[in-house]
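Welcome! Take a look at the model, then work through each one.

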Amino acid sequence: MMSQVQNRRGLLIIVSSPSGAGKSTLTTRLRKWDPSIRFSVSATTRAPRPGEEDGREYYFRTREAFEEMVSKGEMLEHAEVFGNFYGTPRGPVEAAMLAGNDTLFDIDWQGGQQIRNSSLGKDVISIFILPPSMVELEHRLRSRGQDSDEVINGRMSKSLAEVSHWAEYDYVLVNDDLDRCEEELRTILSAERLRRERQPHLTDFVRRLNKEYEGK
Ligand code: ADP
Ligand code: 5GP
């Protein structure tokens, strides 16, 4: 019991961006840097892309199965994005938080708002990734080579709507140079973990410092 009180709760790291700005690439790098970070695997009604596996990138679900999860209260948040439904299963996030593990979310602004406004809001760090230019954004979407022209055009036309929410986020990064942007992400996380209220063990630590000196 004592050690549970001492552990900090895990952080909820929300990363949003217009599609193609590089958040999957960056969050994958961040998880390589710190493998203790859990990735929140969302459920979606969209079809898997080549190379995507059920349970790894997403839980690919039918519309009916998705709606059942929502109606049973199993989603922490959910939203419609590009004509498909996406949602965050609640169970793994709550378990990770209690265990003191940080969880990373690749979700859109609607999901970001819902989690920030929930009872978990004080444990959220939110980060928005901007592309260096719209030309580069389109280039990245095309060079990823995973979506049809129609899908890419749809994503480009919605990207400014996503970007319009940039000011709701705690941190905003421009993903020009991948290495620099990764470094900035690490810096954010390292600093947030050092916040006083996220180091509950310090109370005992300082008490020990006092005892040590008094016992001299
Ligand atoms: P998102 O997850 O935001 O949709 P991705 O991470 O899939 O975007 O990135 C889209 C494409 O852009 C990928 O092919 C990726 O390799 C490339 N990319 C990401 N960041 C950069 C960068 N800083 N410079 C050049 N290419 C990048
Ligand atoms: P994609 O189809 O490219 O994987 O994702 C499309 C968009 O849906 C991205 O902006 C992504 O962040 C968002 N998204 C993915 N999972 C979730 C989720 O669980 N909830 C919400 N609200 N958005 C999500």
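Bear in mind that this model is predicted.

**Exercise 1.** Find which oxygen atom contacts of ligand 2 involve Gly87 and Thr88.

*Solution.* Begin with Gly87: one of its backbone N or O atoms lies 3.2 Å from an oxygen atom of ligand 2. Next, take Thr88, where an N or O atom in the side chain is 3.4 Å from an oxygen atom of ligand 2. A polar contact needs a pair of N or O atoms within 3.5 Å.

**Exercise 2.** Work out how Asp108 meets ligand 2, and how much of the ligand the protein buries.

*Solution.* A polar side-chain atom of Asp108 lies 2.8 Å from a nitrogen atom of ligand 2. Taken alone, ligand 2 exposes 520 Å², and the protein buries 95% of that.

**Exercise 3.** Describe the shell around ligand 2.

*Solution.* First, the count: 17 residues surround ligand 2, and the closest are Ser42, Arg46, Tyr58, Glu77 and Tyr86. Then sort the shell by class: six residues are nonpolar, four polar and seven charged.

**Exercise 4.** Which pocket does ligand 2 take up, and what lines that pocket?

*Solution.* Ligand 2 takes up space in the largest pocket. The largest pocket holds about 1200 Å³ of space. Its lining has 50 residues, and the closest to the centre are Lys23, Ser24, Tyr58, Asp106 and Arg144. Finally, α2 gives the most to this lining, with six residues.

Key:
Residues numbered from 1 in each chain as written. Chains lettered and ligands numbered in written order. Predicted model: local features only at pLDDT ≥ 70, side-chain atom pairs only at ≥ 80, totals over all residues. Heavy atoms only, no water. Near = heavy atom within 4 Å. Polar contact = N/O pair within 3.5 Å; in protein donor to acceptor, adjacent residues only side chain to side chain. Areas by Shrake-Rupley, 256 points an atom, 1.4 Å probe, with all protein chains shown as cover. 1 Å grid on protein atoms, 1.4 Å probe; cavity = no way out; pocket = protein on both sides within 12 Å on 5 of 7 lines; lining within 4 Å. Sits in = over half its atoms within 2 Å of the grid points. Nonpolar A, V, L, I, M, F, W, Y, C, P; charged D, E, K, R; others polar. Points joined across faces, edges and corners; volume = space filled by probe spheres on them. Helix = DSSP H or I, 4+ residues; strand = E, 2+ residues; numbered from the N terminus.
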